[in-house]
Amino acid sequence: MSNISPFTKEQLMPQPEMLEIKRQKGELFIGLPKETHFEEKRISLSPDAVSALVAHGHRVVVETGAGEGANYSDSEYSEAGAKIAYNIKEAFACTIVLKVAPPSLDEINMLNQQAILISALQLKTRDKKYFKALAKKRITAVAFDYIEDEHGIFPIVKSLSEIAGIASIHIASELMTTSNGGNGLLFGNISGVPPTDVVILGAGSVGEFAARAAIGLGARVKVFDNSITKLRKLQHSVQSPIYTSTIQPKTLLKALMRCDVVISGLRGKDRSPVIVTEQMIEQMKDGAVIVDVSIDRGGCFETSKITTHSKPTFTQHGVIHYCVPNIPSRYARTASVSISNIFTPYLLNIAEEGGFENAARFDKSLRNGMYLYHGILTNRTVADWFDIPYRDINLLIL
């Protein structure tokens, strides 16, 4: 037998090991321009959130007056450590630009090459020019309404849906007053007075929080949805006896004829399904109130048409219709804090990971929200909607 060892001397010596290099923290340069979209009053970061970011060594530029719609003053942002910009171009010149509404074409022109844009997408209101303008500047764009976490939840959409659900009951309560042309009913379990009847269409986040608010005010609530799973989840969530049913025209019509308020929160794939016909509305009580939260996707009522915060209602067949899209903007401060609480951890994580590129590699929820990467379209829904070629983001970020 040979006495030669199968291992060489070099192989038997201790070998160097490759260790992971600690990621270098990145400094973020964030711009908060003032919202110019019609009746948009929210802002993406509260002064407290700005203070937290500045404490971690990041720079924030806030355009003067950007927080006024949510009752935040320039001095509050200045005291939090932000720089107040008196030129709109300065806010758009930052590396990361945060907006609530998507930027206009003029605002896109003010963005720097290869900047990062984080805003809502609002796909139904976009056109090809919007994506071409962003692509020309090689922008990386993230739609916060497309960010989906590891639990399959869209955190900002859910949060704003919660606000819209609760708000819909408060709005209906106002509209039922005699001074607003309603039937003069008051939410509340008043001794000797029958409770207000509320019908809710959809057992999602809007429906759940509308039901909670209505039950809390002593109303009698009926919820309709074609998903038994959602109805069961809602029954468990509200922890109160509640009438639930699948959407059956005869059953629904009976409920509509008796009710005082109808809230719709149903959402379809492309648009909300129209499940309440004009004939059904004709048979409702005079002075009854419809709050169509689904109007941003077309609405669930055949008679629905978009209204504004300044002129929010119209009456048809004796029924008061409230069809304002973007209900959370009515409660701009609450909505701003809610959005800010979700944005802030994402921004801090981006910095901890050494910048947006590294964060996107490890954070699937960021990739889910991304629809442009250095000007390349990466979202299939957008691609199919506008017939634009796209690339899989997972093949671009390695």
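These exercises walk through a predicted model of one protein, each with a worked solution.

Residues are numbered from 1 along each chain as its sequence is written. Local features need pLDDT of at least 70, side-chain atom pairs count only at pLDDT 80 or more, totals for chains, interfaces and linings use all residues, and side-chain values use heavy atoms, leaving out hydrogens and water.

**Exercise 1. The whole protein**

Describe the protein's overall make-up, extent, surface and charges.

Solution. 
- Step 1: Start with secondary structure. The protein has 16 helices and 15 strands. Helices (H or I, at least four residues) and strands (E, at least two) are DSSP runs, numbered from the N terminus.
- Step 2: Take the extent. The C-alpha trace spans about 100 × 70 × 45 Å along its principal axes.
- Step 3: Check burial. Of the 398 residues, 48% count as buried. Buried means under 20% relative accessible area, exposed over 50%, and partly exposed in between (1.4 Å probe, protein chains only).
- Step 4: The protein exposes about 20100 Å², and carbon and sulfur atoms supply 52% of it. These areas come from the Shrake-Rupley method with a 1.4 Å probe; for residues, only the protein chains shown count as cover.
- Step 5: Turn to contacts, meaning heavy atoms within 4.5 Å. Among contacts between residues at least 6 apart in sequence, 63% join residues at least 24 apart.
- Step 6: The mean positions of the 43 positive and 41 negative charges are 4 Å apart. Lys and Arg count as positive, Asp and Glu as negative; His and the chain ends are not counted. Each charge is placed at NZ of Lys, CZ of Arg, CG of Asp or CD of Glu.

**Exercise 2. Aromatic pairs**

Find how aromatic rings link parts of the chain.

Solution. 
- Step 1: Set the rule. Rings of Phe, Tyr and Trp (its six-membered ring) pair if their centres lie within 6.5 Å; planes under 30 degrees apart count as stacked, over 60 as edge-to-face and the rest as tilted.
- Step 2: Count. The rule gives six aromatic pairs.
- Step 3: Take Phe-131 and Tyr-371. This pair is edge-to-face, with 6.1 Å centre to centre and 85° between the planes. Phe-131 sits in helix H6 (residues 128-136) and Tyr-371 in strand S14 (residues 370-373), 240 residues apart.
- Step 4: Check cover. Phe-131 counts as buried because its relative accessibility is 4%. Tyr-371 is buried too, at 1%.
- Step 5: Take Phe-144 and Phe-343. This pair is also edge-to-face, at 5.7 Å centre to centre and 80° between the planes. Phe-144 lies in the loop between strand S6 (140-143) and helix H7 (155-175), while Phe-343 lies in helix H12 (residues 332-352), so the pair ties together parts 199 residues apart in sequence. Both Phe-144 and Phe-343 are buried.
- Step 6: Look for a cluster. Ring pairs link Tyr-130, Phe-131, Tyr-371 and Phe-386 into one.

**Exercise 3. Positive phi**

Solution. 
- Step 1: Read phi. Gln-122 has a positive phi near 50° and is not a glycine. Asp-387, also not a glycine, has a positive phi of about 55°.
- Step 2: Gln-122 lies in the loop between strand S5 (116-119) and H6. Asp-387 lies in the loop between helix H15 (380-386) and helix H16 (393-396).
- Step 3: Gln-122 is partly exposed, at 29% relative accessible area. Asp-387 counts as exposed, at 65%.
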